[in-house]
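Keep the viewer open as you read.

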Amino acid sequence: MRSTIELINVSQEFAAQSSAQKSTVALASVNMHIDKKEIVALVGPSGCGKSTVLNIIAGFVRPTSGQVLFDGSVLSGIGPERLVVFQTPALFPWQTVRDNVTFGPRMRGVAIAEYQPLAERIIADVGLTDFQYHYPYQLSGGMRQRTQIARALVNKPEVLLLDEPFGALDAQTRLEMQEMLLGIWERYQATILFITHDVEEALFLSDRMYVLSARPGRVQREIKVPFERPRRYSLFGDEAFARLKAEILAMLHGKPDAEHAA
Ligand SMILES: Nc1ncnc2c1ncn2[C@@H]1O[C@H](COP(=O)(O)OP(=O)(O)OP(=O)(O)O)[C@@H](O)[C@H]1O
Ligand SMILES: [Mg+2]
């Protein structure tokens, strides 16, 4: 299957902001691909370049060298087929959930009869029907994140790019959000790149994982996540799950597993 997104030898160096500073090499020769309808998780130490990878795929940042392909063509700039969900929801405080969600199609001049039914369905799918006339300040953190995801989905993106979307939420809300995201993924058949600090979350959600090394980020390992779908929370108690989690944690902390466990 041809990849939706392909990074070929992508390196990223950010220039120094002043003569007293050094430039930062964020990524060094990164190769990765995200296939259609796949959920790929990206993990790695803080500052290793995870968000930079996402920003490159979103088209916010142009890599210093290497190539990024989208459906086989060189990617240029931002586009509505690749949308980002940030850790901190960027919602308009003066608009209701519903108006925030329909912002994209309204701005593009899509007829109301066309976007309304889709928006209603998506608002229901993210569990916000009863809150659609609330303003962001009246929502919990999880609800704001649901709104942000709905706002991206209403544009029918091919690719959803999520940068630690549940990082600021409590453990219980996080679990609910993970389940919601899997439901969305099944219903809307999106291709998803998911950045997380949480190895358990990455294993629970993804088909494949890339583990990046400390900066400059390189692909340290690619892992095919072997657990069948649909996945349930009982997976967290699975022995193979625990073993893989320990192995990845050891890798992230730069220690062999035996030493780590001792
Ligand atoms: N626009 C930018 N200009 C200059 N330096 C940048 C820019 N974006 C990122 N960097 C630098 O590139 C490196 C990688 O940053 P990035 O945000 O991609 O890491 P990360 O893996 O997402 O970290 P975290 O886990 O803390 O979110 C950092 O040293 C950061 O300071
Ligand atoms: Mg980041």
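## Ground rules and a buried valine

A residue is called buried at under 20% relative accessible area, exposed at over 50%, and partly exposed in between, with a 1.4 Å probe and protein chains only. Val68 has a relative accessible area of 6%, so Val68 is buried. Its place is in strand E4, where strands (E, at least two residues) and helices (H or I, at least four) are DSSP runs numbered from the N terminus. Val68 and Asp207 are 139 residues apart in sequence, and their C-alpha atoms are 21 Å apart in space.

This is a predicted model, in which local features need pLDDT of at least 70 and side-chain atom pairs count only at pLDDT 80 or more, while totals for chains, interfaces and linings use all residues. Residues are numbered from 1 along each chain as its sequence is written, chains are lettered from A and ligands numbered from 1 in the order in which they are written, and side-chain values use heavy atoms, with hydrogens and water left out.

## Strand pairing

Two strands pair if DSSP finds at least two bridges between them. Strand E1 (residues 3-14) runs antiparallel to strand E2 (residues 24-35), and eight bridges join them; Phe14 has Thr24 in E2 as its bridge partner.

## Helix H1

How many of the nine residues in helix H1 are buried? Seven are, so the helix, which spans residues 50-58, is mostly covered. The buried ones are Lys50, Thr52, Val53, Leu54, Ile56, Ile57 and Ala58. After H1 comes Gly59, with a positive phi near 95°.

## Pockets

Pockets are found on a 1 Å grid over the protein atoms alone: a pocket is an open set of points with protein on both sides within 12 Å along at least five of seven lines, whereas in a cavity a 1.4 Å probe fits but cannot get out; lining residues have an atom within 4 Å of a point. The largest pocket has a volume of about 450 Å³. Its lining has 18 residues, with Leu83, Val84, Arg151, Ala152 and Asn155 nearest the centre. Strand E6 (82-85), helix H3 (103-107) and helix H5 (141-153) each give two or more residues to this lining.

The second largest pocket, at about 220 Å³, has both Ile56 and Gly59 in its lining, along with Val68 and others. Strand E4 (residues 65-70) supplies the largest share, three residues.

## Rings and charges

Rings of Phe, Tyr and Trp (its six-membered ring) pair if their centres lie within 6.5 Å; planes under 30 degrees apart count as stacked, over 60 as edge-to-face and the rest as tilted. The structure holds eight such pairs, and ring pairs link Phe204, Phe227, Tyr233, Phe236 and Phe241 into a cluster.

A charge sits over a ring if NZ of Lys or CZ of Arg is within 6 Å of the ring centre and within 35 degrees of the ring normal. Arg82 lies over the face of Phe70, 5.4 Å from the ring centre. Arg151 has its charged end over the ring of Phe92, at 5.3 Å from the centre.

Key:
Points joined across faces, edges and corners; volume = space filled by probe spheres on them.
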